[in-house]
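This report is for a reader who is new to the structure. Please look over the sequence and the model before reading on.

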Amino acid sequence: MKNQARVVIIGGGITGCSIAYHLTKMGWTDVALLDKGELTSGATFHAAGLVGQLRSSVNITKMLKYSIELYSRLEEETGQHTGWSEVGGLRIASSKNRMEELRRSAAMAKTFGLPMELISPKEACDLFPVMEKKGIIGAANLPTDGQIDPSGVTYALAKGAKDRGATIYTETRVTGIHLKNGSVDEVLTEKGSIKTEVVVNAAGIWAPEIGKMVGVSIPIIPMEHQYIITKPIEGVRKGMPTMRDPDLLVYFREEVGGLIMGGYEHNPIPWAMDGIPRDFTKTLLKSNYEHFEPLSLLAMKRVPAIGNAEIITLLNGPEAFTSDGDFIMGEAGEVRNFFVAAGFCAHGIAAGGGVGKMMAEWIIEGVPGLDLWRLDIRRLGTHHGSQKYALERSIEVYAHHYSMSWPYEEMLSARPLRTSPLYHRLKKMRAVFGEKSGWERPNWFAPKGVIPKDKLGWGLPNWFEHVGKEHETVRTKAGIIDQTSFGKIEIKGPGSLPFLQKMAVSQMDKPVGSITYTQMLNEKGGIECDLTVSRIGENHFYLITGTAFVKHDQSWILKHLPEDSSIVINDVTSSKACITLCGPQSRHILKQLTKDDMSNEAFPYMTCRQIYIGHAPALALRITYVGELGWELHIPIEYALNVYDAIWKAGKSFGLINAGYRCIESLRLEKGYRYWSGDISPEYTPFEAGLDFCVKLDKDNFIGQEALLTQKEKGISRRLCCLTLQTEPLMPVGKEAILDGDKVIGLVTSGGFGHTIQKPIAYGYLPMDYSKPGTRLQIEVAAKRVEATVEKEPLYDPENLKVKR
């Protein structure tokens, strides 16, 4: 066995082989792929082989579309049989709510460039003639979906990689990974060791074991998944589409004149919680007929012929499910050059081609060609490392696989987990909590007489009116918001300032007490981090980022840290609470509680200082994400409840109310404040995002500066625009199509309702020809076209008088 390779891939399933294929295609041919058994001997060999494309994310859909493009030419390219067949995919609606979901999905599919069409029950039965028409309300057909031989396509990818120089070692078990200076250095196997620059963990259900070798938690739970294979059935013909009936929890596809039928039950069975047996390679689990029977009965309602069919086998194999239902991809934040591609939640075959391409780009170019934050391993906080947490969440993910996907739906398991000191107080005050990165956060507050619970549905949400009142009170009086879940990072040391000058687009050399809103970019000029930086000492900076982004942002910063010891970086999120007081009366309220001078002259906008609120110390940041006068009060966690109670008592006479995150969303949309992972991301530059005011091109070299200089010289071709919708109240949520006639010219990045301007608001990137205020367009919301107008932003307080008073 060779003793050196530029990249070592662990796992010889479809994912590992696809990564090897794409790395070699991009010119990195010194690749070694290792598997403890044979190729496909994990989950690949027992996969059902359905290949669907449509997902709720445009970039994940693009990734899966690429899979199909690749699969359609791979057999001709490699000479290896893949079994690819573009038979199409049917999705059945057996309920009115499901039909509405299909209607919206079909509209979204067209936005994403997929030719999905709604069809009648009769048309669906014509395509899948053994299907029972009774109970079908409608269906959707995506003719470019298909099916494939999972083992065949994997061997084709492996052949493509080998033909370009990759080396594949089967029957080669990895026993350890050595690190050097925080980066991977050597992979140990039972047959020898390989020095390497990059390790890719594509080990499927074994990925957590490989992760433990380098101290990286990978929250994957193997779930038993069963399907039957029948002998030929009369009426089943080659070329029939795959068919899913999510209301009945089942799926079907043709197989040699018979059918494969499986499903996603609401009571899944996790497997191997005490570790996967050492000899479990190309092995199936024992068939569990009793557990499968309820799915069989449901399947017979849709395809009665299944009841009389001769069963060849009931196949039971473990599938990797994650704690949030999304794939786990990218470079681990804890170890440089340790990449992960695992946890595909039964979509591994459909995703395999696209995942390989994205991972190869990530490894070679530093970033993937698409923004894949939703799949990025750095989204997973430390609590995901708990097997108990991963288990409870993964069970919910599996059980929800074919359930309705409602707007604003929250996960329910493993809650509450991370709570602010105010949690129980706010709960008594009728807060309705949402969850983000394990944190319980108040979304809205239910008035007396209103059930404090989200009611899921397709129309305006039950909290719409109540959030509107919170919004109005913050605009006219004052609101108090628990934002303890903010990510908080401290950077200290004599090298802090020059380091931040290199990392951030803004001028960071400002006096102590200054706050700077800024971005950190990649070399292509894309926005990797969006945060505020408070200079609280000569060599002491305090960074605030979004709840879900602290691990991502910290890993980005650490990745660029100089090797000397002049800088210390700490995540202090859990040690500090954050209480935001905002609204025109907020200064009057604070004056009741502190001797510190809170006047505009003494404490101007975008400055910070240490103050006392009653008995408690607080770092007060005069900043806003709602567009009103206000302060973020960052407090040692043990003082938080005392400070909240003092503010609440002092604020009564000024009309102070509790407000939640749904109120923040409405307020920030009116003010045009951006949201990272929605409005801005690594796919967009500050110039495109309308953040030119942050960028100081005349300062010393910062990461991404060359790309911005080039873009400034050439000019931008697209820009983030604000649009208002000419309609009754409704809630665009993101991903809706922005249209000029029948031409899709953009997608909504975020949206909602502006309760001050009394209009729905949407943001989206538009070609420059469409970006002029006053341009009339349409937006397809809930599968209905609505007139929209490009607006000059911000919509509220364009002179910034409110925040600076």
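Predicted model: local features only at pLDDT ≥ 70, side-chain atom pairs only at ≥ 80, totals over all residues.

## The eight-stranded sheet

Eight strands form an open sheet with mixed pairing, in the order S5-S6-S4-S13-S14-S15-S12-S16. Strand S5 (117-119) and strand S16 (311-322) are at the edges; each has a single partner strand, so one side of each is without a neighbour in the sheet. On average, neighbouring strands of this sheet are turned by 25° against each other, direction ignored.

Within the sheet, strand S4 (residues 89-93) pairs with strand S13 (residues 242-245) in the parallel sense, over three bridges. Leu90 has Met243 in S13 as its bridge partner.

## Helices on the sheet

Helix H3 (residues 96-111) lies across S4, S5 and strand S6 (138-142), and runs at about 145° to S4. Helix H9 (residues 387-399) also packs on the sheet, where it touches strand S12 (220-230), strand S15 (258-263) and S16. The direction of H9 makes about 30° with that of S12.

## Helix H12

Six of the eight residues of helix H12 (residues 496-503) are buried. They are Ser496, Leu497, Phe499, Leu500, Gln501 and Met503. Among the elements that cover these buried residues are strand S22 (487-492), strand S23 (515-521), helix H13 (550-559) and strand S26 (568-571).

## Trp439

Trp439 lies in strand S20 (residues 439-445). Its relative accessible area is 5%, which means that Trp439 is buried, as the cut-off for buried is under 20%. Residues that Trp439 touches include Arg418, Gly434, Thr484 and Thr573. The C-alpha atoms of Trp439 and Glu683 are separated by 28 Å, and the two residues are 244 residues apart along the chain.

How values were computed:
Residues numbered from 1 in each chain as written. Heavy atoms only, no water. Helix = DSSP H or I, 4+ residues; strand = E, 2+ residues; numbered from the N terminus. Buried < 20%, exposed > 50% of the residue type's maximum accessible area, 1.4 Å probe, protein only. Contact = heavy atoms within 4.5 Å. Pairing = 2+ DSSP bridges. Axes fitted to C-alpha atoms, helices over the stretch in contact; angles between N-to-C directions. Lists of a residue's contacts leave out its neighbours within four places in sequence.
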